[in-house]
Amino acid sequence: MIPTGTAGSTAAGSGVGPVTDAGPATVAGSECDELGTALERLVSMWRRMAVPGELSSTAAFTLARLSRDGPCRLTELAAHEKVSQPAMTQLVSRLEGQGLAERCGDPGDARVVNVGVTARGEELIARRRAARAARFAELYATLPASHQAALAGALPALQLLAETGSRAEQ
């Protein structure tokens, strides 16, 4: 439970948000701690929803990134996934061997080699997303309507937070 001094009150004219006896920064810190903990649990749950034995988390996230953002350099992939370049080189080689990714030239610089997802990789990503979405829908349906509405209402803020975080990493 997030502590608040006066429900919905804000610091006069500050636009800071809820005020507690400890002050607005404490509430924001508490909210961030609770949200962070909930997100960690959700990410863990999301990973467990994956089809077992199909792909490692790093391989799946790498393919999903390539699908979403388009081809990029191996060094960029390694940096984004927080793995070494040799580890990413091995992963990309495995994905190539499975027909899920391919190395391709950069139209702007013939010296550059990019990595892209193949049609087969796109199909795998789509199947994984559909399987997770079906499992998630089952869990979502168990929530009271008020919680479902709260999650739906939070979606734009969560999407903006994800986009902001992605831009900050670049």
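## The loop between H3 and H4

Lys-82 sits in the loop that links H3 and H4. Since this is a predicted model, everything here describes computed positions. Is Lys-82 buried or exposed? Its relative accessibility is 68%, so Lys-82 counts as exposed.

The backbone of Lys-82 also deserves a look. Most residues other than glycine have a negative phi. Lys-82, which is not glycine, has a positive phi, near 60 degrees.

## The overall layout

Now step back to the whole protein. Its fold is built from six helices and three strands.

Of the 170 residues in the protein, 23% are buried. The exposed surface comes to about 11100 Å², and 59% of that is supplied by carbon and sulfur atoms. What share of the contacts between residues at least 6 apart in sequence joins residues at least 24 apart? That share is 44%.

## Where H3 meets H4

Two packed helices are described by the angle between their axes and the distance between the axes. For H3 and H4, the axes come within 9 Å and cross at roughly 110 degrees. Angles of 65 to 115 degrees count as roughly perpendicular, and H3 and H4 are therefore roughly perpendicular to each other. H3 brings Leu-74, Thr-75, Leu-77, Ala-78 and Glu-81 to the contact, while H4 brings Gln-85, Met-88, Thr-89 and Val-92. By type, these residues divide into five nonpolar, three polar and one charged.

Beyond its neighbours within four places in sequence, Leu-74 is in contact with Gln-85, Met-88, Thr-89, Val-92, Arg-103, Val-113 and Val-115. How far apart in space are the C-alpha atoms of Leu-74 and Pro-86? They are 9.6 Å apart, with the two residues twelve places apart in sequence.

## Where H2 meets H4

Helix H2 covers residues 57–69 and helix H4 covers residues 85–97; their axes come within 11 Å and cross at roughly 75 degrees. H2 and H4 are therefore roughly perpendicular to each other as well. From H2, the contact uses Thr-58, Ala-59, Thr-62 and Leu-63; from H4, it uses Met-88, Leu-91 and Leu-95. Five of these residues are nonpolar, two are polar and none is charged.

Met-88 takes part in the contact of H4 with H2 and in the contact of H4 with H3. Setting aside neighbours within four places in sequence, Met-88 is in contact with Thr-62, Leu-74, Leu-77, Ala-78, Glu-81 and Val-83.

## The nonpolar core

In soluble globular proteins, nonpolar side chains tend to be buried together. Here the largest nonpolar core has 19 residues. Which residues have the most contacts inside this core? They are Leu-55, Leu-63, Leu-77, Met-88, Leu-95 and Val-115. At least two core residues come from each of H2, helix H3 (74–81), H4, strand S3 (109–117) and helix H5 (119–141).

## A buried arginine

Finally, turn to Arg-65, which is part of helix H2. The relative accessible area of Arg-65 is 12%. Buried means under 20%, so Arg-65 is buried. Not counting residues up to four places away in sequence, Arg-65 touches Gly-70, Cys-72, Leu-77 and His-80. One of these, Leu-77, is also listed among the residues with the most contacts inside the largest nonpolar core.

Technical notes
Residues numbered from 1 in each chain as written. Predicted model: local features only at pLDDT ≥ 70, side-chain atom pairs only at ≥ 80, totals over all residues. Heavy atoms only, no water. Axes fitted to C-alpha atoms, helices over the stretch in contact; angles between N-to-C directions. Helix = DSSP H or I, 4+ residues; strand = E, 2+ residues; numbered from the N terminus. Parallel < 35°, antiparallel > 145°, perpendicular 65-115°, else oblique. Contact = heavy atoms within 4.5 Å. Nonpolar A, V, L, I, M, F, W, Y, C, P; charged D, E, K, R; others polar. Buried < 20%, exposed > 50% of the residue type's maximum accessible area, 1.4 Å probe, protein only. Areas by Shrake-Rupley, 256 points an atom, 1.4 Å probe, with all protein chains shown as cover. Core = buried A, V, L, I, M, F, W, Y, C linked by side-chain atoms within 4.5 Å.
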